[in-house]
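I opened this entry to keep track of what I looked up in the structure. The notes follow the order in which I went through it.

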Amino acid sequence: MLQKWMKKILKFLASLKLAVVIILSLAFLIAIGTIVESKYDAIAAKKWVYDTVWMYSIMGALAVSLVAVMVDRWPWKTRHAPFVFAHIGIILLLLGSVMTLQFGIDGSLRVPVGQGNQFLVVPETDVLVYSSFDGDRYTKLEERPVDFFLHPPSPEKPVEISTYTGAIKFTGYKKYVIPKRMVTAAREPNGRRGAGLRFQIQNSNVNVVEWIVQRRAKDLATHDFGPAALHLGEAPAKGQGRNEIFFTPQVGKDSLKYVVFQKDQDRPLKSGEVKEGEMFVPGWKMPIEVRVLRYFPEAEEAWDLQERESPTPLTTSAARVEFDGKESWILLNDTLKLFTSEAVYIVTYGNRRLDLGFQVVLQNFIVDRYQGTMRAAAYKSHVSIADFGEHEISMNEPLKYKGFTIYQASFEDDPKTGQPLASVFSVNQDPGRWIKYLGSLIMSIGIILLFYFKQKAKKGNAT
Amino acid sequence: MKRLQLILVLLLSIMVFKGAFAAAGDELLKLPVQDAGRIKPYDTFSKEMLEIVHGKSKFEGRGAAEIVMTWMLSPQSWQTKKIFEVRNHEVLKALGLPAVERYFSGDEIFSSPQFGSLIQDLQSKRETKEKLTPYFQALQRLEDQLSVFREIAGGNMLRLIPPKEGTVWLSVVQFEGEQQTAFAVLTKSFIGYIGGVASHVSASELKQLASEMDSAVLAFREVARKNNPGLYSVDTKVNVEVFYNHFHPFRWAYIFYLLSSLVLLMVWSMNKITWMKAAWAFASVGFLLHTFGFVIRMYLMDRAPVTNMYETVVWMSWGALLFSAILEWIYKFRFILLAGTLGAMVSLIVADTAPAVLDPSLIPLEPVLRSNYWLTVHVMTITISYAAFFLAFVLGDIGLIYYIRGEEKHQDKIKAITTSVYRAMQIGVVFLAPGIILGGIWADYSWGRFWGWDPKETWALIALLGYLAVLHGRLGGWLKNFGMIASGVITFSLVIMAWYGVNFVLGAGLHSYGFGAGGVEYVSAFIAAHFLLVLYAWLVRKK
């Protein structure tokens, strides 16, 4: 009786009808995936279609059906060779993919020209909370993997992280926002927040309006625009060999002290005091006017978020954080500071970073361009790794080191000069690779054999 | 048979005379120009520029070489000529121009008070980095048209002399000393020549003027060569390209495919089996020309020409003909070759007549695609599988016609067609599955991931799954003859989606280097018409 049932089940699993149903549902599902990707982006397609229970179920059913049909045709004859090869090939491909998914690492590594980096950024996201009582030494309170895209927090279902002074609650999430930085005067001054300065630099060719905000009181914050730099913080006694202006907040006053340095002398060129709405001329060789548009002795930063239906290259995602009766927004891969009367907390939300265990230093980056144009024809990174030496990584010429393969993915360049700024590598570790290669080979042999045997088989039902 | 030989010889000689022999005045066409990352003959350059601005390679019956040169020599005389093609009605409405017209003069567009603000809108739209809607794409095209015209008129875009140092060639405004003089002589002889054409001087006088222009061009080339001989050794390629431009190998190929199809139709309808030889002969000549054109493109670009829609259409039709010839050779059903020649002819005609969608210009490759053995193999394998599916599609159409004409009378034909459709699909699967896998290997090798659900690769997989479902359905016995023939037609829509739809409809993903816009309405109508044909055949059969 049991055997009879087993046979029936096997017949069903091995049936062509089931196979066609599986093939068609797979085709249908991934077609939806491509439409999602075109409307949103690759991440959305992955999270909503390709990495879902639906997809895994279909893949699982496919594997079961492939195995069942091979068991069903046992013992195999020569004419079964093509179908056995093709089906084993597909099973190996599926197996390899599972291995990659389970044990593989795939991330990106951005290395600025002349610098090094050993941290790989992977797609998973974490929330980290650090705390400090004195504002200098921080200890990690919590590190928690989150997936706000699939499981967005809400006021009803918040993500809570407890601290010494109440819980930090994530109560909202926006997938696609265009952020704009807003700086305001602190609502409750506590003496620990940094100052904020909005300045304007102007002459006949330049007009720059920007904010400089100190991360906390007495920090140095800088805005560098090439020929000169503006700082908010304590001025040094001597110049550092470039055109600079230091603005220093003064306790209890609503004006700023400023000191101007010129690149060819140590002594300050000029100094004085300036208030909101006032301007002065630094007196450099280039004629320029500096105006203080806004000044807050204690500034608070916030994001003005403009929500979008679908992602663009300018959008990012943001989560709402509630703490101590106040709410603020934190952007993906950004940090947020929360103050209480006793402690400071730093919250980060962003992509997980993996330590490669070795540093990749970008010595040089070379872009070949098509003659007479700015179109890149090829690009390569000249990198060095301690204990390994120097190597050149280019498109199609990856570097293999300590189980990782480092591929040239893309590069960032200065939009104005076209000079390359950083090289972006894709780094991965794929234990399933060889299984997939083997599966591909076996499946291709099977398909070619299929054609060969079809010519021989009379009725053409080798499968 | 003798008559056939005579016809062939006659046609070939017309072709060769028309295409291959240089006439007086042709030296200007062979003048090397640096543009868009490569050296091309002035002939190609001027055609491409006129196509950008005007959408055609001729204006008022005059050739591009002449038109583009006069933009530079007397831009003011072009201000009132209706040379800018604007097709988007929304853009025309925004500019306050009549929507019934298609061509406008520079004055009409510039004098529109809204023009400046529209270009500003476009700029701010671009800053948002969102996908451009058709309206903004049309605006962007207008901006390109104006800038091309202005740059040529200003002498900045025509780069004719290799630099002493670096790689950027000198444009007309940068000429100095004898370069300037030589160019002035060239333009003077050019004006003399077109003046001669306009005032209808006698043939011998015109020839005289033409050869004067030729020698001026040659003298200028010597001056240019002197500046940097190493960079100027481009003569053979430039000459071959001019020959290619004027010979139109693919046009001749489809003419021969047409002849072959006509003969085959006669064989088919009047049962004149002896004419099969003629059909084979025409198809072979067409195929040789097709191959020849393909080889020239390969020579000009130093790569296999399978990197944009135009090139894959040409390659795909080549494969369709090849497969049909092989299957015809084995089965001798006669309509297989007909399907091949008809299919190849239609594809080549479409490729030839829609340059806006299928861009025939020779464009240097993006970095990912450069000098990569795997890429070539993977793209060629996948597109050749589309050729087999295309053959199954055309065969399916022929089968549907038999069904409409009466199933009873044509039982044997229908059976034969079903077999052919089945075989063509098998060939397709045999190429498509390894092609997709090669794509995976290439992706793994280049950027470290075997499969990333990129829309282009995903749709190729969907097409494969579609055909696998059909083949398994046939094995299971659910698809009978009509089912197979209808599937041959319907399943091809998956190939169209994978091949055209991903680039032109979905427009997302890593394969974005092949993207373009246009023709969506025609392609949708094409697919819809075939679905209706299947439905109609089904209804006829039900009765």
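**Salt bridges in chain B**

I began with B:Asp235 and B:Arg221, whose side chains meet in a salt bridge at 3.1 Å, N to O. I used the term for a side-chain nitrogen of Lys or Arg within 4 Å of a carboxyl oxygen of Asp or Glu. B:Asp235 lies in helix H10 (residues 235–247) of chain B and B:Arg221 in helix H9 (residues 203–227) of chain B, so the pair ties together parts that are 14 residues apart in sequence. Helices (H or I, at least four residues) and strands (E, at least two) are DSSP runs, numbered from the N terminus.

I noted that this is a predicted model, in which local features need pLDDT of at least 70 and side-chain atom pairs count only at pLDDT 80 or more, while totals for chains, interfaces and linings use all residues. Residues are numbered from 1 along each chain as its sequence is written, chains are lettered from A and ligands numbered from 1 in the order in which they are written, and side-chain values use heavy atoms, with hydrogens and water left out.

Next I looked up accessibility, where buried means under 20% relative accessible area, exposed over 50% and partly exposed in between (1.4 Å probe, protein chains only). B:Asp235 is partly exposed at 27%, and B:Arg221 is buried at 6%. I also found B:Arg221, B:Glu222, B:Arg225 and B:Asp235 linked in a network of salt bridges.

I then checked B:Asp302 and B:Lys237, which form a salt bridge of 3.0 Å, N to O. B:Asp302 sits in the loop between helix H12 (276–301) and helix H13 (309–331) of chain B, and B:Lys237 in helix H10 of chain B, 65 residues apart. B:Asp302 is exposed at 62% relative accessible area, and B:Lys237 is partly exposed at 27%.

The next pair was B:Glu407 and B:Arg541, a salt bridge with the closest N and O atoms 3.1 Å apart. This pair links distant parts of the chain, 134 residues apart: B:Glu407 is in the loop between helix H15 (373–405) and helix H16 (411–447) of chain B, and B:Arg541 is in helix H20 (residues 520–542) of chain B. B:Arg541 is partly exposed, at 37%.

**Chain A against chain B**

How many residues does each chain give to the contact? Chain A gives 51 and chain B gives 57, contact being heavy atoms within 4.5 Å. The area buried between the two chains is about 4700 Å², with 65% from carbon and sulfur atoms. Buried area here is the accessible area (1.4 Å probe) that two parts lose on being put together, summed over both.

I found one salt bridge between chain A and chain B. It joins the side chains of B:Asp444 and A:Arg433 at 2.8 Å, N to O.

Several elements of chain A each supply at least two residues to the side that touches chain B, among them helix H2 (16–39), strand E20 (376–385) and helix H6 (433–456). H2(A) gives the largest share, 13 residues.

**Single residues**

A:Thr100 is in helix H5 (residues 81–103) of chain A and is partly exposed at 22%. Its C-alpha atom is 6.1 Å from that of A:Pro431, 331 residues away along the chain. A polar contact of 2.8 Å joins the side chains of A:Thr100 and A:Asp430.

B:Asp43 is in helix H2 (residues 42–54) of chain B and is buried at 3%. Not counting residues up to four places away in sequence, B:Asp43 touches B:Leu29, B:Val242, B:Asn245 and B:His246.

**Confidence**

Last, I looked up pLDDT, the predictor's confidence in each residue, from 0 to 100. The mean for chain B is 88, and 94% of its residues reach 70 or more. Over residues 509–516 of chain B pLDDT stays under 50. Where pLDDT is low, the predicted coordinates should not be read in detail.

Technical notes:
Polar contact = N/O pair within 3.5 Å; in protein donor to acceptor, adjacent residues only side chain to side chain.
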